[in-house]
Structures are given as C-alpha cells and as structure tokens.
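Please walk through this structure with the sequence and the model side by side. The account below moves from one local feature to the next.

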Amino acid sequence: MSAPISTPVHAPPIAARHVTSGGTRVYTLNVPAFPHFAANVFVVVRGEPEAPEYTALVDTGGSHEASTAALEAGLTAIRHEHAEAVSWDTLSRVVVTHPHPDHVAGLPFVRTRTPAPVAAHEGAVGTIERPQGDPVARQTDMEDHIRWLGLMGAGTEAEYAERLRRRARNTMLPEAVTVQTPLRDGDVLDGVFTVIHTPGHEGSQVCLRVDDLLLSADHLLPRNSPPLMPRRFQRGAGLEHYLASLNRIEELEGVTVALGGHDGPMTDWRSRIQQLRDRYDDKLRAVLEAAAEPITLHDLTHALHPRLKSIQAILLLDQTAALAEYLAGHGELLETQREDGAALFRRA
C-alpha cells in the first residue's frame, strides 16, 4: 500500500469528474481506506446519463464502515449532482487494479450490493478468491525473509521481526470473492478498458486506459513513490519491474491525464515519471555510499534513515531491500551471507 495520506474529515463524496475524448465520464471518489489514509475509487460511465449503457467501479476502498459509507455516498452524489442514473443495481463491472487492502478490502461489501462481475489480473485471482492462502507457508516464507533482512537480534531487529510476522498473518481482504474475468496484459475489457500490466509495486497490478485517460493505480502517483518490496519475496515486485513498467507507461501516446490510486490528477504525467526516475537514482546512490563495508539490510535502513520513525520502519525496510536487490542484480553491490542467514551487502 502507499505512504499515508491525510484525508479531510469532511471530504466531498466526488473528488473530481473527468470526461474523456470519447465522452466517457470518470468520477473520482476519495474514500478513507484506513484511518488517516485515503484511496481513490473510480466510477466509469458510458452512454446517456439518464440511461447509461455501461458503468464500472474501479477499486473498492477499505472494508471498514467509514470507507464503505463514503463509497455509498459517492454513488448517491453522482446521481444527485450529475443526474447519472447509476446505482448498485445498474453496475456492469467491478475492476480491481491490485490486491492491496486499501484497494480491494471493500470488495466483499461491494459483492453484497451488486452481482456485477469482478475483473482482476490473473496473478491476483488467487489472493482474491483464497485470501487466507496457506498460513503455514506464509509464516515459513516470512521467517526466511526475516533472516535475510538481518532481524535475528534484539532491539529494533526483534521489533521489526514481530511486525513482519503480524503482517504475514493479515489477509488482503476479509472474505473470498470470485473473479469472473482474469485479465492479461493487452486485454480490452468490455470494449472500454485497455489493460496494461505494471508489476513493481505489486506483481499483479494493472493500469487501465480509457480513451485519453489513464487510471494509473499505485504505479504512478502525484506525490509519492509507491512502496516496493524485493522481488525475492513477492513475484513481480521490485525496482527492476517497477522501472520497466514506468518505461511502458511512458511509451503511451495520446494520454492527456493520469489518475492515480491516491491524491489528485496528473496532467504533466511524463514529467512525474522522470521525477520518479531521478528520485530512485538518488536513493540508489545513497545505498552505494552507505555500503562501503558489509552491512545487513536492517543496519543499511538505519544508516540511510538516521531519524527513522517507527511508523515508517517496515516500509523503508522493504524499500531498502528492493534497492539493494536491484544493485546486486546489476553487479554494483556484492551479496554474501552471514552465518545466521542474514544477507550482507557491500559496494562492488
């Protein structure tokens, strides 16, 4: 999930309305996916307002009452403020951009309101249809990850290890929901959405193009670089995948605005891509400077962030691991292993 974003207490149900070059209306609903953490949900409408031929809900927000209530209020506001005859009863499709809880946890609630078929990338189907997965395997994988990160000691190492164990016990959504339409890169869903697979932040994430508008999920955000995990821990994650996916998006022609999974619209979205590349170049240089001698990922995280706040620790630990993994893959860091299984990284 993305870095925390403050949400106004009285945020309007409709954060923005865009009309594409083909006349499709796209409404942005800003919902409190978690306390003090907002996510965008999109309602996409085609056809005459009084009798739309197609209506889709893209992402669902969180599972708690404040988030689902904001979703309900948003649909009501679209009807009352823009005379769009949209409701749960007329919904044609639900699309999940990626299975992180701020985007998918509201799906079981949505299923109680509408039978509209669900679409998600084929790689996300298992998470959505079997959210519990294999708890034993998840914990086993996490213990291996904890060792690799160098979290076998006391103090903050023990604290971070326990927080990661708790994360491994959590699920992305509270109940299973069936996915009727698995998506692949290049698919055109319902004749409306062109599907662009953009792994990196999450291995099964997709961006969706509608005419000259891009729903860029958490791949491209106006204020933050999306949190990354190392690909050794999550298939399709990591900086290598993320940068390659940025290149794919940059190649798009005719897109005039991008709407991310958080915050506002991006009209100068190509400049935003370059800003993100520059930011990662700076981060990679900092890692190389800090790894003059063999160092664990725990210690490297603290070297890079000496004023590290506890609330940021796990996301920054994930990010440091993704950066070190990328540099090791490109031969700029050497990775060895300590006797207890911790990875040690040193500048090549």
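In this predicted model, strands β1 (residues 16-19) and β2 (residues 25-34) run antiparallel and are joined by 4 bridges. One of the pairings involves His 18, whose bridge partner in β2 is Val 26.

The UniProt record, in an unreviewed entry, places the feature "domain: Metallo-beta-lactamase" at residues 38-262. Over that range the chain is 33% helix and 22% strand. The end C-alpha atoms of the range are 7 Å apart.

Positive phi values also turn up in residues other than glycine. Ala 83 has a phi near 55° and sits in the loop between α1 (65-82) and β5 (93-95). Is Ala 83 buried or exposed? Its relative accessibility is 54%, and exposed means over 50%, so Ala 83 counts as exposed. Asp 263, likewise not a glycine, has a positive phi of about 65°. The loop that holds Asp 263 runs between β12 (257-260) and β13 (265-266).

Thr 181 belongs to strand β7 (residues 181-183). What does Thr 181 touch, leaving aside its neighbours within four places in sequence? Its contacts are Arg 93, Val 118, Ala 119, Ala 120 and Leu 189. With Arg 93 there is a polar contact of 2.8 Å between the two side chains. Pro 117 is 64 residues away from Thr 181 along the chain, yet the C-alpha atoms of these two residues are separated by 7.3 Å.

Which residues of α6 are buried? They are Glu 157, Tyr 160, Ala 161, Leu 164 and Ala 168. Seen down the helix axis, these buried residues fall within an arc of 105°, and therefore they line one face of α6. The elements that cover the buried residues of α6 include α5 (135-149), α9 (297-304) and α10 (313-329).

Methods
Residues are numbered from 1 along each chain as its sequence is written. This is a predicted model: local features need pLDDT of at least 70, side-chain atom pairs count only at pLDDT 80 or more; totals for chains, interfaces and linings use all residues. Side-chain values use heavy atoms; hydrogens and water are left out. Helices (H or I, at least four residues) and strands (E, at least two) are DSSP runs, numbered from the N terminus. Contact means heavy atoms within 4.5 Å. A polar contact is a pair of N or O atoms within 3.5 Å; within protein, one must be able to donate a hydrogen and the other to accept it, and residues adjacent in sequence count only if both atoms are side-chain atoms. Buried means under 20% relative accessible area, exposed over 50%, partly exposed in between (1.4 Å probe, protein chains only). The arc is that of the directions from the helix axis to the C-beta atoms. Two strands pair if DSSP finds at least two bridges between them. UniProt positions are given in the numbering used here, feature names are shortened, and annotations may be inferred rather than shown by experiment.
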